[in-house]
Amino acid sequence: DLEPWLAETVCVDHRATLPVPAGVSHEAMEKAVREISVNVKTMKFDVPPVEFFDLDTGAKIEDEAKAAGRKACRFQPPAQCTVYFAATPKAGVIASAVEPLVAAKLAEKLGLESLYKNTTLVSFSGALGTATAQDITEEAIGKHRKLEELTAVQHAPVVDFQIRRGVFWTEGPFFSREDLKDPNSGQEREHFGEENGPWWCKGPEVAARDFKLTLDLLKDPVFASPRRASYTSINDTRVLAEDPFRLQVEYGELYSPALSDLTGSPLAYHIWNRDAWTAEARRKGKGPEDLGISVDKYNPMKELPARERAYSLKPPSFGPMVIEPLNGERLPLWKNGQLVRLRRNDFYWARKPEFKYIDYYIFDPNLGAETAEMAFTTGAMDLYAARAFQVKRYEAMTDRYYVVKRQPLAYEYLGFNCTNEHLQNKLVRLALSMAVDVDQILKYVVYEQGSRVKGPSYPVLPWYNNNYKFKHTWRTGPKKGQTEEMDFIPFNTEESKALLAEAGYVESGGKLKKDNSPLRLNFVFAAGTSPRKDTAMLVREQWEKLGLELDFQEYEWNVYIGQYIMPRKFDVCVLGWSGGLDFDSRQLWHSTSLSPDGMNFVGYANPEADKLMETLVNTYDPQEQIRLSRKVFDTIAADFPYVFLYSGYSTTVVDRHIVWRRRTGVNPDGSPQLTNSPLDHDDIRNARASFLFWERELLRLDDMPEFKPEDRRR
């Protein structure tokens with residue numbers, strides 16, 4: 001669930017512009033609108049000027065005088081009513097006043113079938129010159145202006161943020177007391193650190209300008225953010241002149257996933273504004289003077305790409321930790337591939353971590369996993385991300401360790417290239433899905449540290465449909481002719497062969513052929529030792545038993561993605577998805593999101609799914625979002641574009657010297673009252689959030705604490 005964090009209040013307002021149907025007075029229109037919603041803040045009526053058109057050409061005539069004597073008509077465009085619905089701000093709550101169905105509700109109030117049909121929206125008030133009443137047709141006017149444009153409802157949702165005050169950027173590290181001085185006043189800035197350095201200084205206050213600049217950059221094609229598509233619906237971002245902590249983000253259309261897109265940290269204005277960017281470019285010999293470009297035509301984003309800026313090596317922070325230097329004054333601050341050391345940020349605005357330092361050891365995953373476990377078991381590390389085959393061993397050592405298991409925002413799959421001549425047939429995709437033993441993959445690849453998934457969503461989110469059933473009429477076996485609903489596609493090789501035969505593939509010499517052409521597929525996967533490679537090996541064995549011919553190809557990751565997956569130069573691939581909280585899945589499944597521009601690299605296209613996804617992003621009612629999301633889920637799952645495999649568990653093993661400093665109340669001075677609690681507390685065990693959510697609230701004790709059963713309950 002989303003909640004305000006860096007904002008004190010969030011209001012989702014809505015400006016809607018609607019045509020006033022002919023015969024409906026402004027008073028009646030206003031009365032109907034106010035009966036629809038108590039959130040009406042302002043209403044404004046606009047009556048456009050009369051227009052004149054040549055009936056033969058459809059050309060617009062400037063005024064009535066010039067229309068005299070010609071075959072022309074007088075046209076009165078419909079009046080427009082602009083309504084602003086505003087939510088009431090409430091601390092800690094996202095308040096919404098969006099009325100996405102305002103047109104339908106108005107039509108019902110006014111006794112109309114709809115605002116568009118069975119009512120006159122355009123009034124023709126007589127002809128000029130030689131035209132007769134019969135000559136004045138909507139088609140004639142349509143030569144110049146489309147009636148749909150005149151009668152369309154225009155939506156502009158506005159997300160209004162009141163940014164929390166008292167959040168400051170933390171800058172550093174600095175190694176000289178001169179660096180601690182404010183560049184404007186010359187006074188030493190507030191700082192923390194060691195007596196002989198390094199120090200960190202309190203920088204500018206986080207304000208609306210930081211968020212505005214971030215959104216403007218994300219929309220800018222030159223900035224080239226891979227998430228740009230999520231922000232193109234934004235019409236305007238503005239900081240209110242009277243309040244630098246007030247930000248408004250206005251959209252040009254209904255777009256209900258907006259709040260999810262607006263989560264995340266901003267970029268610092270004082271580092272990313274044009275002047276600061278240009279100054280850094282000049283220091284690196286890439287300024288306008290260096291390149292012979294006039295200042296007004298110079299774009300620092302083009303000449304000094306964001307990835308080359310010093311920010312990436314020495315980022316400011318307003319989070320709970322800052323990066324401590326490990327290379328003296330040299331950048332980067334960390335040791336690449338080895339070690340990052342973090343120190344508690346004393347300027348952090350919320351609850352500070354209980355620990356002062358934290359080290360993250362970063363090893364090559366293929367070479368260092370054993371070293372990482374050794375460091376953990378000898379007490380050099382407090383938390384360890386256990387691999388699947390290790391989990392049961394640690395679960396047998398609960399006297400020494402907590403085993404915190406989570407189902408992450410992730411799932412694994414086999415992807416079919418649905419544009420392939422064989423795989424265009426849904427029956428073939430089903431047959432191949434039935435020939436994959438997912439239970440075997442769970443047992444031997446991830447050691448039962450995961451659960452099967454039914455379709456295209458993460459099991460921890462409400463968009464996932466746990467009630468989805470695979471409906472199938474059996475072609476073989478004791479249930480032949482019977483239709484059955486099942487939780488998952490069953491593993492059944494004989495049924496798979498029957499489905500392939502139904503699709504026209506016959507066995508010849510141990511190989512499946514159709515019209516003497518073999519069923520041959522290019523099966524690609526990424527190089528390295530990983531569960532995905534093991535999955536590919538098992539699937540290969542099972543499919544070859546059916547009689548498929550497989551070109552089994554292994555590629556280095558960047559080559560795999562760039563040269564095979566995105567260009568769709570494959571028939572079957574092994575991949576997974578992770579991250580993303582919202583329900584907008586158009587990037588993955590909409591027919592307009594085909595790779596390489598979108599992420600629909602399996603070439604899936606279903607008009608019904610397209611329509612559902614388009615309706616969903618205009619839907620603001622939470623229960624309706626869930627209903628439609630699950631309908632999208634069902635539609636895609638029933639088309640078998642993927643073999644949906646499993647969602648693996650994320651398991652963190654924690655030394656029992658670690659306690660959770662749980663907030664249990666408020667002290668008289670207003671500070672939080674904290675109680676040492678075990679990590680198998682109900683609040684942690686029953687939550688769906690990642691364990692990272694609690695890490696800053698952990699503390700290591702010298703002695704391993706003893707807890708009673710009641711200490712594990714709220």
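**Figure 1. Val40 in strand β2 of the predicted model.** Val40 lies within strand β2, which covers residues 40-46. The coordinates shown here and in the other views come from a predicted model. Val40 has a relative accessibility of 13% and therefore counts as buried, the cut-off for that class being under 20%. Apart from neighbours up to four places away in sequence, the residues in contact with Val40 are Val33, Arg34, Val83, Tyr84 and Phe85.

**Figure 2. Val40 and Ile489 shown together.** These two residues are 449 positions apart along the chain. Their C-alpha atoms are separated by 50 Å. For scale, the C-alpha trace of the whole protein spans about 100 × 85 × 65 Å along its principal axes.

Figure 3. Strand β31 runs over residues 646-648 and includes Ser647. Ser647 counts as buried because its relative accessibility is 0%. Beyond four places in sequence, Ser647 touches Gln407, Pro408, Ala410 and Tyr411, and also Gly450, Ser451, Val453 and Pro459.

Figure 4. The side chain of Ser647 reaches the backbone oxygen of Ala410 at a distance of 2.7 Å. Ala410 is also one of the residues that Ser647 touches.

Figure 5. Where pLDDT is low, predicted coordinates should not be read in detail. For the protein as a whole, the average pLDDT is 90, and 94% of the residues score at least 70.

**Figure 6. The whole protein as context for the close-ups.** The protein has 714 residues, of which 47% count as buried; Val40 and Ser647 belong to this buried class. Its secondary structure consists of 22 helices and 35 strands, strands β2 and β31 being included. Taking contacts between residues at least 6 apart in sequence, 69% join residues at least 24 apart. The accessible surface amounts to about 35,900 Å², with 49% of this area belonging to carbon and sulfur atoms. Charged side chains number 92 positive and 102 negative, and the centres of the two sets lie 1 Å apart.

Notes. Residues are numbered from 1 along each chain as its sequence is written. This is a predicted model: local features need pLDDT of at least 70, side-chain atom pairs count only at pLDDT 80 or more; totals for chains, interfaces and linings use all residues. Side-chain values use heavy atoms; hydrogens and water are left out. Helices (H or I, at least four residues) and strands (E, at least two) are DSSP runs, numbered from the N terminus. Buried means under 20% relative accessible area, exposed over 50%, partly exposed in between (1.4 Å probe, protein chains only). Contact means heavy atoms within 4.5 Å. pLDDT is the predictor's confidence in each residue, from 0 to 100. A polar contact is a pair of N or O atoms within 3.5 Å; within protein, one must be able to donate a hydrogen and the other to accept it, and residues adjacent in sequence count only if both atoms are side-chain atoms. Accessible areas come from the Shrake-Rupley method with a 1.4 Å probe; for residues, only the protein chains shown count as cover. Lys and Arg count as positive and Asp and Glu as negative; His and the chain ends are not counted. The place of a charge is taken as NZ of Lys, CZ of Arg, CG of Asp or CD of Glu.
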